Amino acid sequence: MERGAHSCLTALSTVESNAELVPIERDIALLRQSFNSVTRKLPSVDARKQTLSRLLSQIDLTFQEHQAAYPAVAVGPIVYNTGTSIRSFIFKPLPDTLIGHHFELPVNSHNPVAQLTMFIAVVSTVIMGLSRQMGNLVLNLVKLTLCWALQDSKGNMTERQSSILNQIPTTVETVLSKFNLDGKTTVFATCPECHCTYAPSFHPGSHTPSYPATCSNRPYPDAEVCSSLLMEEVIADDGARSSKPFKPFVIYDFHDYLASLLA
Ligand SMILES: [Zn+2]
């Protein structure tokens, strides 16, 4: 064993490339294995083991120095399993409650006729590239056709027929949300002057986002506070007043996006 250790050290002293380190690494592993297999407790054996242990430590140190001096160069393409990486990223830190919605499509609870109508709208906008307005037109034309086909000569419908029609939304946005194609987003308010962004905050129990009224950013050190207005007032058709950001900045939730790719 001692002779083997010395020959390893001699071989290490002449190494000039990483390829030459491979057989030496194998020899060192075999030496370690043999060293660990000696378990007899005798004073003479202990003394020899101590000498060998020092030699092995010296070999390890020299080997590590050579490894640093001649790093391994990958031949051919680097193999990287993105599937495993993404899965470990998604499924380990995120609980099922955050990704479960990708496996439960709201559209599945609708009548097949309503499902097919919504599917036509999704194909028109997502795959065929129609604008949202044209998508809405297609959706409402199909809905109107169904309405005329279902009602009798006096314009009456059964409860089931009117329920099917009521299940069909009137906008493509709603349809996409039923297929979980809209994704989770957060709308930030952007300052129109310095482009600083502000995250929304929510009052307990409320889903209405609120933002600071003015920008509190200093564009550069020692500058005045920007103080530009972030929000504009909006008056709805029914006269209700609300405010929305002058410059909304929509950010898609990255975890949600990755989860949707895997679902
Ligand atoms: Zn600003």
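Two strands pair if DSSP finds at least two bridges between them. Helices (H or I, at least four residues) and strands (E, at least two) are DSSP runs, numbered from the N terminus. This is a predicted model: local features need pLDDT of at least 70, side-chain atom pairs count only at pLDDT 80 or more, and totals for chains, interfaces and linings use all residues. Residue numbers start from 1 along each chain as its sequence is written.

I begin with strand 5 (residues 231–235) and strand 6 (residues 241–245), which run antiparallel and are joined by five bridges. Glu 232 has Lys 244 in strand 6 as its bridge partner. Five residues lie between the strands of this hairpin, where Gly 239 takes a positive phi near 90°.

I turn now to the helices. The axes of helix 1 (residues 2–13) and helix 2 (residues 18–37) come within 10 Å and cross at roughly 160°; axes are lines fitted to C-alpha atoms over the stretch in contact, with angles from 0 to 180 degrees between N-to-C directions. Helix 1 is therefore roughly antiparallel to helix 2, a term for angles over 145 degrees.

Which residues of helix 1 meet helix 2? Gly 4, Ala 5, Cys 8, Ala 11 and Leu 12 meet Ile 24, Asp 27, Ile 28 and Leu 31 in helix 2, where contact requires C-beta atoms, placed from the backbone, within 7 Å. Seven residues of this contact are nonpolar, one is polar and one is charged; Ala, Val, Leu, Ile, Met, Phe, Trp, Tyr, Cys and Pro count as nonpolar, Asp, Glu, Lys and Arg as charged, and the others, Gly among them, as polar.

Overall, the protein has ten helices and seven strands.

Key
Angles under 35 degrees count as roughly parallel, over 145 as roughly antiparallel, 65 to 115 as roughly perpendicular and the rest as oblique. Two residues are in contact if their C-beta atoms, placed from the backbone, lie within 7 Å.
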